[in-house]
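Biologist: Please place the model before us, and let us discuss it by question and answer.

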Amino acid sequence: MKIAVVGATGLVGTEMLKVLAERQFPLTELLPVASAKSVGQLIEFQGKQYPVVSMDDAIAARPDIAIFSAGGSVSKEHAPRFAAVGTTVIDNSSAWRMDPTKKLVVPELNADTLTPEDKIIANPNCSTIQMVVALNELHKAYKVQRIVVSTYQSVTGTGKKAVDQLLEERAGQAASNPAYPHPIDLNVLPHIDVFEPNGYTKEELKMVNETKKIMGDDSIRVTATCVRIPVMGGHSESINVEFEREFDLADVRDILARTPGVELVDDPSTNQYPMPKDSHGKDAVLVGRLRRDETQPRTLNLWVVADNLRKGAATNAVQIAEYLVGKLAPAHN
């Protein structure tokens, strides 16, 4: 089992290597891929040193699976080249998510739709992943009609440049190479990705469109406000969800406690609720602050937190790879 990790030196790529090691993914050969300036640099994985290789060398090696986290333009150019030599690509960028010919996969929800013919598989946006994991079983029980979501997203979602900006500002310095148009420390930016003509940002529209595609239901109405906050890791979401059918709060708790990938953290009497710092290093989506919206019927409020570099990116991609190895490989052979 030969695995390429494209973007191996970045924040998400580094996390992918960590998750592959932790979950004891059955690889026999690792091909770390990064930009030309990183070629030859050594990456440590499970006690061994692996040199970073070029894109062309990785494609020539014909890996079984290539996990991409190197940005949309890189994915658009090189994912089809890997696919052409028989490699299955799991792509973490937005490049293929809304392509009608590509599957958009959260393993707990729809991995069973994958076939050996799916050579480019899209990993959803981090904010979308944690929301649909939290809502999927509730959707089966009560049918989601409308979602109003506000996100509180950490700087690691932007990358190393944003982390550096926050740390420099926190140390009282002006950011030397800012990732954002305004300071982020002691501030909140209601601006993630670029603004579209309708006044929404791309990040907000990703949540709208990806949710419908993953849950396989175009009738779900979604509206989002995505906000960047001065937190190092872990995205939080305030979700207001209206169902078609009436629910009982005790049943909602039972459903969430049994939902794959969810950890229920909901005991306000002891100040137990999900927080970004408690999500660090976890693959679970933390859900709490469950309460009925008392202003309208069949509507629930919940607070959802996840480690955006793990379940929001690396872990979801590795779980897809695990599914391919466990379910599709025997059938394919």
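Modeller: A residue is called buried under 20% relative accessible area, exposed over 50% and partly exposed in between, with a 1.4 Å probe and protein chains only. Helices (H or I, at least four residues) and strands (E, at least two) are DSSP runs numbered from the N terminus. The model is predicted, so local features need pLDDT of at least 70 and side-chain atom pairs count only at pLDDT 80 or more, while totals for chains, interfaces and linings use all residues. Residues are numbered from 1 along each chain as its sequence is written, and side-chain values use heavy atoms, with hydrogens and water left out.

Biologist: Which residues of helix α6 are buried?

Modeller: Helix α6 spans residues 160–170, and the cover over its buried residues includes α1 (11–22). Just after α6, Gly172 has a positive phi of about 85 degrees. The buried residues of the helix are Ala162, Val163, Gln165, Leu166, Glu168 and Glu169.

Biologist: What radius of gyration does the protein chain have?

Modeller: The chain contains 10 helices and 13 strands, and its C-alpha trace spans about 60 × 55 × 45 Å along the principal axes. The radius of gyration is taken over C-alpha atoms, and the globule rule is 2.2 Å times the number of residues to the power 0.38. For 333 residues a compact globule would be near 20 Å, and the chain agrees with this, having 20 Å.

Biologist: What percentage of contacts in the protein chain between residues at least 6 apart in sequence join residues at least 24 apart?

Modeller: A contact means heavy atoms within 4.5 Å. Buried residues make up 52% of the 333 residues. Of the contacts in question, the share joining residues at least 24 apart is 68%.

Biologist: Which residues touch the most other members of the largest nonpolar core?

Modeller: A nonpolar core is a set of buried Ala, Val, Leu, Ile, Met, Phe, Trp, Tyr and Cys residues joined through side-chain atoms within 4.5 Å. The core in question has 56 residues, and the members that touch the most others are Phe82 and Ile147.

Biologist: Why do the buried residues of α8 lie on the same side?

Modeller: In helix α8 (residues 249–258), Val252, Ile255 and Leu256 are buried.

Biologist: Against which elements do the buried residues of α8 pack?

Modeller: The other side of α8 carries the exposed Ala257 and Arg258. The buried residues pack against α5 (126–142), β11 (262–264), β12 (285–292) and β13 (299–306).

Biologist: How many salt bridges does a search of the whole structure find?

Modeller: A salt bridge is a side-chain nitrogen of Lys or Arg within 4 Å of a carboxyl oxygen of Asp or Glu. One network of salt bridges links Glu15, Lys18, Glu22, Arg23, Asp283, Arg310 and Glu322. Asp99 and Lys102 meet in another example at 3.7 Å, N to O, and Asp99 and Lys102 are both buried. Over the whole structure the search finds 23.

Biologist: Which helix holds both Lys206 and Glu203?

Modeller: The two residues form a salt bridge, their closest N and O atoms 3.6 Å apart, and both Lys206 and Glu203 are buried. They sit three residues apart, about one turn, in helix α7.

Biologist: Is Lys277 buried or exposed?

Modeller: Lys277 forms a salt bridge with Asp278, with the closest N and O atoms 3.2 Å apart. Asp278 has 31% relative accessibility and so counts as partly exposed. Lys277, at 58%, counts as exposed.

Biologist: Which side chain does a polar contact of 2.7 Å join to that of Gln153?

Modeller: Gln153 lies in strand β8 (residues 144–153) and is buried at 1% relative accessible area. A polar contact is a pair of N or O atoms within 3.5 Å; within protein, one must be able to donate a hydrogen and the other to accept it, and residues adjacent in sequence count only if both atoms are side-chain atoms. The side chain joined to Gln153 at 2.7 Å is that of Thr151.
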